Every structure is written in C-alpha cells, then in structure tokens.
Amino acid sequence: MSALLITDIDTLVGTHPKNISVLKGGAMNTLPVINNAWILCEGGLITGFGSMDNLPADLPTSLTSISAKGGYVFPSWCDSHTHIVFAASREEEFVMKIKGKGYEEIAAAGGGILNSARKLQHESEDHLFESASIRLNDMIKQGTGAVEIKSGYGLTFDSELKMLRVIRRLKDAFKIPVKASFLAAHTFPEDYKKDRNGYIRLIIEQMLPGIANEGLADYMDVFCEKGFFSAEETDKLLEAGVKYGLPPKIHANQLSISGGVQVGVKHNAISVDHLEATDEDVINCLSTSNTIATLLPSCSLYLGIPFANARGLINANVPVALASDFNPGSTPSGNMNFVVSLGCIKLKMLPEEAINAATLNGAAAMQLSDVAGSIAIGKKANLFITRPMSSIAYLPYSFGQSQIEKIILNGEVN
Ligand SMILES: N=CN[C@@H](CCC(=O)O)C(=O)O
Ligand SMILES: [Zn+2]
C-alpha cells in the first residue's frame, strides 16, 4: 500500500489533541483546524499533518500525492446508531403517515417493527448482506467512515443471530470500523404479547448465551418506551447484557419520558439515544454521568415528533453525539451531512458543535475514539475532501447538497 499525501487543503478540520476522547458541554464548540494544510497517510493510518509552510522534505519514496485544490478535509462521520440490516422498505407506512396515522398507531396495527420482523424471517443471510452492503456503500459515499448497526428485526433466536451474522460479515467486508448492538428487545413478538416475561427469558437465557458464544455483539440495546419495554424490564435486560460483557447503548425517551435514561445511566450505558422527550431529571441524571446523549434529528423530522433538547443537554455539560438512525420505519436515510444540517437548523447546535457531535463524540459513542473521529497521528485515515467552501459553516448551511468530492478510506482514495 503506497502512502498518500494530500496537499493544498484550505482547512484541515478536527485536529483535536489525541488524548481528548469525548467533548462535553462548552468544549463541544471547540473545533481545532489547520489552515493551508497537508496530511500524510501510511499503512492506513494518519502519520503526519501540518501547515503547507512546513511540508516535510523526507517523504516516503512510494507516495501518491493529490491536491485538495483548496477544499476542506474532515475526519469521516461516525454514525453511532443505525438499523441498516433489514429485508424490505416500508413505504406503505410512509403513505399511512401522510394520511395522518402516528408511529404508535401504525405499530399497534401490526406495522412498525413487527412488519420488518415478518419480512426478515424468510430472507436469506446472503440477501440481507447484499442489501445492507448497498446501504452501507451509499453511506460511505456520503462521508460515513465508522458505523454501529443493530439487530432487532429478528425477534426469534434464529433471526436475531442471522442479523448479527450479517453484521459480522459487514465488519469483515468493509474497510470501516463496524460495531454491532444486540436489540432483540426492540418489541414483543406477536407470540409473546401476552407472555412478556417469556420473551425476556428467551432473550436472557437463550439468545444472550448464543450470541456471547459466537462473539456476535459489542453492545446490548433495548427500546425502553411506553408500549415497548418498561424501565423495570430494561433494567433486567441490561443487567443480563452486562453479565455477558455487553455494555448498554439503548433507545430511551423517543416518544415519552420512559425512565430509560436513568436505567441506562445506572448500568453505565455508553450512550442513551433519541431523547426526543426530555425533562430536568433526565438532563440532571446525564450531567452527572459519563453516558453520551445521542440525538437523531432525522427521526424527529421524518416522524414529526419533537426535536431533542440539544441546547439544554450541552448547557448541562452532557456530551452530545449525532447519528442517523437509518432504518426502514422511522428514518429511511443514512445521510450524515443532512443530520449535521438538522443538528444546526432544528437542534440549534452551532456548526462546530454539530460537527464534533457527528465525528469525535460519535466515535466515543462506539468506543472508537482511539481510532476515529478526529485528525490525530495513529488514527485511521478515514477522511473526506470537500469542494472549496467559504467556511466550516457552509457545510451544514448547504443542507441537502453534498460538498464531498473525495472519500479516503484507510489512506486510499475510493
Ligand atoms: N425506535 C425504535 N427503533 C427504530 C425504529 C424502528 C422501526 O420503526 O423499524 C428507531 O430508532 O427509530
Ligand atoms: Zn434506533
């Protein structure tokens, strides 16, 4: 693999000191840059960067050199919350929503997650891998360079493991870091609607040991929400997950104050995600923890539900991450450029805050801060080069349009 040198970078963005793994509160507004810069990648890693005035003379002999032609270079987006393994789209529900039906109503009528679970049961592992690969390639073209993917459309022992095996294949096949979350507790399958404890036992006594045995998951996820899993049920599930070495990353407070944040924090969740419903207790609870608040503004936009209180969280010194939530029901989009724009437009995050939330804090929400999320020596050389832009703020400002010209993965132009 030859080394890659990128020169003539108008602005190299996100040159945080390597020891900073997550940004909280006021620190989220600090986005260090180098103007008129170069960056060197060797062996798939960032091995040097600096100002063009100090371009080293002793460069590797086998070197590919490209000019950024006055564009900006960013660390790739770190999308820490997705559900991209699914069997089929759900545009029939999209039309129901246009006609006025709500997310909970559609779910109660057998749509929603159960609809996706029905569609996934008979889908082959190969087919799921192929369709998820197409989605992941699209996301990479839009600047994503690290991703978390959830199970949760299986809801049976075989189908949950099938989903997790697909995620493992994605881990092996793609050049970007991929993390897997086990989300059998996404909803109660039809057969267990009247036997909730039975399903929880199935997860704890059969699925978790099976998954641990094959090393298929990195995290335990639960949809803690009215009509789905209660705080008490979530507590039990997270405790079991921790016993099998799976730290929690959970869905909390999407539709109501569910108690999920408090339960997540109790079990040292890496992140609690959604938080469209938030009150003072939730913010206070997070502000005294190390748990990241992962906000998913594309979901709010698509479902027409409230946007999370990013300002309240940042003001309370909580680390905030932004992610896509790409899934067939509530967010059929994995475009992180758009997520960053929504972070600014609807969550009132400053461009620097939104970019940090979608890079370094996204990496932290996948425990990947040592390899991704900023421009630092030794991190993976997953980057994107933009067109020339007038400022950093132009990126989220030009919403719905891509400024990305080139994708670099593992130090190679893609
Ligand atoms: N809320 C739970 N899970 C997904 C939606 C799943 C679906 O509707 O298929 C989410 O994060 O939005
Ligand atoms: Zn989700």
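Between which helix and which strand does the loop holding Ser 398 lie?

## Position of Ser 398

Ser 398 is found in the loop that joins helix H15 (394–397) to strand E15 (404–409); helices (H or I, at least four residues) and strands (E, at least two) are DSSP runs numbered from the N terminus. The model is a predicted one, in which local features need pLDDT of at least 70 and side-chain atom pairs count only at pLDDT 80 or more, while totals for chains, interfaces and linings use all residues. Residues are numbered from 1 along each chain as its sequence is written, and chains are lettered from A and ligands numbered from 1 in the order in which they are written.

Ser 398 counts as partly exposed because 14 C-beta neighbours lie inside 10 Å. The classes are buried (20 or more other C-beta atoms within 10 Å), exposed (12 or fewer) and partly exposed (in between), with C-beta atoms placed from the backbone. Between Ser 398 and Ser 341 the C-alpha to C-alpha distance is 7.8 Å, at a sequence separation of 57 residues.

## Annotated binding site

An unreviewed UniProt entry assigns the feature "binding site" to His 81, His 83, His 251 and Asp 325. These residues span 245 residues in sequence, yet no two of their C-alpha atoms are more than 12.1 Å apart, so they gather at one spot. UniProt positions follow the numbering used here, feature names are shortened, and annotations may be inferred rather than shown by experiment.

His 83, in the loop between strand E6 (77–79) and helix H1 (91–98), is buried, with 28 other C-beta atoms within 10 Å. His 251 belongs to strand E10 (residues 249–252) and is likewise buried, having 30 C-beta neighbours inside 10 Å.
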